[in-house]
Amino acid sequence: MTLKALIFDVFGTCVDWRSSVAREVSKVLKTVESLPFADAWRAEYDPAMARIRDGGRGYVTLDDLHRENLERILLKFDASLTDAEIADLNTAWEKLDPWPDTVAGLHSLRDIGLIAPCSNGSIALMSRLARYAGLPWDCILGAEIAKDYKPSPVVYQASCASLRLSPEEVMFVAAHNSDLHAAAACGLQTAFILRPTEHGSNQTTDMAPDGDWDFLATGFDDLAGQLVAQA
């Protein structure tokens, strides 16, 4: 079926969350190792969402989960900040640098179809991040529309439905195999993007595709080239 839209995982696929968060941490926590702090903060991400996916808690935006997780990690690192400093540091997730191929690649992919994030980030977070990083989305989709978190099927389904497209007309693009498996199970087309340094130079996860994805690419520019060649 004709491809009419591409929806994207964002953290790790479009932007370098680890280095960017660590940079913001280093500005306010001078005695803390910023990369381990960023890793620890990110490690709270999935457990916090799992409680919502499993029905143990109603939907809460990722902005609020990030703040709760930050307060927890500050205790673990024996660090303290004022409420105002915590609120400011929590906006680190809105100031993530794009990978070198992201912006130009997204512009090229936008010539092929509609493009939008399908992220666990809130609409507010994704909008501010788009302005910061120059991400040329046509709209913002994902968790807040579905009131649930990936990899729950409803997140991918709601994103397609919001575009008034069938899943077969939409491609999900991600650097994470688990995300792609969930999207493929919903009937979306899939593209794996290799991001070998998302977790640093010693990364061991998602270093290769582990599914029969429709496209494998080294970046968004590569994916755009493959799609144009196939058309």
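**Exercise 1. Helix H10 and its packing**

Which elements do the buried residues of H10 pack against? Work it out on this predicted model.

*Solution.* Start with the helix itself: H10 covers residues 177-185, and its buried residues are Asn177, Asp179, Leu180, Ala182 and Ala183. Now look at what sits against them. The buried residues of H10 pack against helix H9 (153-162), strand S6 (170-174) and strand S7 (189-193). Last, step past the end of the helix: H10 is followed by Gly187, which has a positive phi near 95°.

**Exercise 2. Strand S4 in its sheet**

Find the strands that pair with S4, and say in which sense they run.

Next, take the S1 side. Strand S1 (residues 5-8) runs parallel to S4, and 4 bridges join the two.

Then take the S5 side. Here S4 pairs with strand S5 (residues 141-142) through 2 bridges, again in the parallel sense. Cys118 faces Leu141 of S5, while Ser119 has Gly142 as its bridge partner in that strand. To get from S4 to S5, the chain goes through helix H7 (residues 123-133), and this β-α-β crossover is right-handed.

**Exercise 3. Helix H6 against helix H11**

Describe how H6 and H11 pack, then pick out the residues that do the touching.

*Solution.* Two packed helices are described by the angle between their axes and the distance between the axes. For helix H6 (residues 102-110) and helix H11 (residues 220-230), the axes come within 7 Å and cross at roughly 20°. Angles under 35 degrees count as roughly parallel, so H6 is roughly parallel to H11. For the hand, H6 passes H11 in a left-handed crossing. On the H6 side the contact is made by Thr102, Gly105, Leu106, Ser108 and Leu109, and on the H11 side by Phe220, Asp221, Leu223, Ala224 and Leu227.

**Exercise 4. Leu109 up close**

Is Leu109 buried or exposed, and which residues does Leu109 touch?

*Solution.* Leu109 is found in helix H6. Its relative accessibility is 0%, so Leu109 counts as buried. Skip residues up to four places away in sequence, and Leu109 touches Leu6, Phe8, Ile115, Phe220, Leu223, Ala224 and Leu227. Two of these, Leu6 and Phe8, fall in the stretch of S1 (residues 5-8). For a distance check, go to Ala217: this residue is 108 residues from Leu109 along the chain, and their C-alpha atoms are separated by 13 Å.

**Exercise 5. His66**

Where does His66 lie, and is His66 buried or exposed?

*Solution.* First, the location: His66 lies in helix H4 (residues 62-76). Second, the accessibility: the cut-off for buried is under 20%, and His66 has 2%, so His66 counts as buried. Third, the surroundings: leaving aside neighbours within four places in sequence, His66 is in contact with Trp41, Tyr45, Asn90, Trp93 and Leu125.

Notes: Residues are numbered from 1 along each chain as its sequence is written. This is a predicted model: local features need pLDDT of at least 70, side-chain atom pairs count only at pLDDT 80 or more; totals for chains, interfaces and linings use all residues. Side-chain values use heavy atoms; hydrogens and water are left out. Two strands pair if DSSP finds at least two bridges between them. A crossover is right-handed if, with the strands pointing away from the viewer, the path from the first strand over the helix to the second runs clockwise. Axes are lines fitted to C-alpha atoms, for helices over the stretch in contact, and angles run from 0 to 180 degrees between N-to-C directions. Angles under 35 degrees count as roughly parallel, over 145 as roughly antiparallel, 65 to 115 as roughly perpendicular and the rest as oblique. A crossing is left-handed if the near helix is turned anticlockwise from the far one by less than a right angle, and right-handed if clockwise. Contact means heavy atoms within 4.5 Å. Buried means under 20% relative accessible area, exposed over 50%, partly exposed in between (1.4 Å probe, protein chains only).
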